[in-house]
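Open the structure in your viewer and keep the selection tool at hand. This tour goes stop by stop.

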Amino acid sequence: MTRPRIRVAAYVIRDRAFPEVLVFDHIGMPEAGTQVPAGGVKSGEDLEEAVLREVTEETGLLTATVVRQIAVESKPHPATGQPRRTTFFFLHASAETPDAWNHHVEGDGEDAGLTFACRFLPLPLEQPLADDQDAWLGAIDRRWTTVAVGSQ
């Protein structure tokens, strides 16, 4: 049996007049869909360190803080079918965090050289995120469960 790839994903929430979640799109790769920061855990790295690193690497945001772990999901990678286990975290961002920005990913990771268009979206989301990454938002607050427009 193949060991699963261990991953983390972040719901970075900003509270203003209403709660908002941080998402990003790959500039020049619309097929990747809208996502939350997520990625692999490095050897020897604890999960909270990993989720903060992924948020910084993928969005440039340095001020997010971990509130708590939300869920652990085991499901195969949508493209490769390889096993993976993702731990979802609830993080907090300051109300003063900008509404939107572009972030160029540096370093030597799999996202190096990509540019991400980062922004906050109001909750609940009107459309699901790529790879059902929004599936656990309702575990933070049931009112944040994604209900796609046109569904009942």
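**Stop 1: Pro 124.** Select Pro 124, which sits in the segment after β7. Keep in mind from the start that this is a predicted model. A cis peptide bond joins Leu 123 and Pro 124. Turn the view until the bond is clear; omega there is about 0 degrees.

**Stop 2: Glu 126.** Stay in the segment after β7 and pick Glu 126. β7 itself covers residues 115-122. Is Glu 126 buried or exposed? Glu 126 counts as exposed, because its relative accessibility is 57% and the cut-off for exposed is over 50%. Glu 126 and Thr 145 are 19 residues apart along the chain. Draw a distance between their C-alpha atoms: the separation is 9.7 Å.

**Stop 3: Asp 131 and Asp 132.** Select Asp 131, again in the segment after β7. Asp 132 is placed in the segment after β7 too. What is the phi of Asp 131? Phi of Asp 131 is near 55 degrees, a positive value in a residue other than glycine. Phi of Asp 132 is likewise near 55 degrees, and Asp 132 is not a glycine either. Asp 131 has a relative accessible area of 28%, so it counts as partly exposed. Asp 132 is partly exposed at 45% relative accessibility.

**Stop 4: Thr 34.** Jump to the loop between β2 and β3 and select Thr 34. Show side chains.

**Stop 5: Glu 73.** Move to strand β4, residues 65-74, and select Glu 73. Glu 73 counts as buried, because its relative accessibility is 14% and buried means under 20%. Show its side chain together with that of Trp 136. A polar contact of 3.0 Å joins the side chains of Glu 73 and Trp 136. Which other residues does Glu 73 touch? Not counting residues up to four places away in sequence, they include Arg 84, Arg 85, Thr 86 and Phe 88.

**Stop 6: the largest pocket.** Select Arg 7, Gln 35, His 77, Arg 84 and Glu 110; among the lining residues, these lie nearest the centre of the largest pocket. The whole lining has 27 residues. Colour β1 (5-15), β2 (19-26), β3 (38-40) and β5 (84-93): these elements each give two or more residues to that lining. How much space lies in the largest pocket? The volume is about 550 Å³. Then colour the lining by class. It has eleven nonpolar, seven polar and nine charged residues.

**Stop 7: the second largest pocket.** Select Arg 53, Glu 54, Glu 57, Gly 109 and Glu 110, which lie nearest the centre of this pocket among its 17 lining residues. Two elements to colour here are β3 and α1 (47-59), each giving two or more residues to the lining. Helix α1 gives the largest share, four residues. The volume of the second largest pocket is about 250 Å³. By class, its lining divides into three nonpolar, four polar and ten charged residues.

**Last stop: the whole chain.** Clear the selection and switch to cartoon. The C-alpha atoms fill a box of roughly 45 × 35 × 30 Å along the principal axes. For 152 residues, a compact globule would have a radius of gyration near 15 Å; the protein has 15 Å, so the two agree. Colour by burial next: 41% of the residues count as buried.

Note on methods:
Residues are numbered from 1 along each chain as its sequence is written. This is a predicted model: local features need pLDDT of at least 70, side-chain atom pairs count only at pLDDT 80 or more; totals for chains, interfaces and linings use all residues. Side-chain values use heavy atoms; hydrogens and water are left out. Buried means under 20% relative accessible area, exposed over 50%, partly exposed in between (1.4 Å probe, protein chains only). A polar contact is a pair of N or O atoms within 3.5 Å; within protein, one must be able to donate a hydrogen and the other to accept it, and residues adjacent in sequence count only if both atoms are side-chain atoms. Contact means heavy atoms within 4.5 Å. On a 1 Å grid over the protein atoms alone, a cavity is a set of points where a 1.4 Å probe fits but cannot get out, and a pocket is an open set with protein on both sides within 12 Å along at least five of seven lines; lining residues have an atom within 4 Å of a point. Grid points are joined across faces, edges and corners, and a volume is the space filled by probe spheres set on the points. Ala, Val, Leu, Ile, Met, Phe, Trp, Tyr, Cys and Pro count as nonpolar, Asp, Glu, Lys and Arg as charged, and the others, Gly among them, as polar. The radius of gyration is taken over C-alpha atoms; the globule rule is 2.2 Å times the number of residues to the power 0.38.
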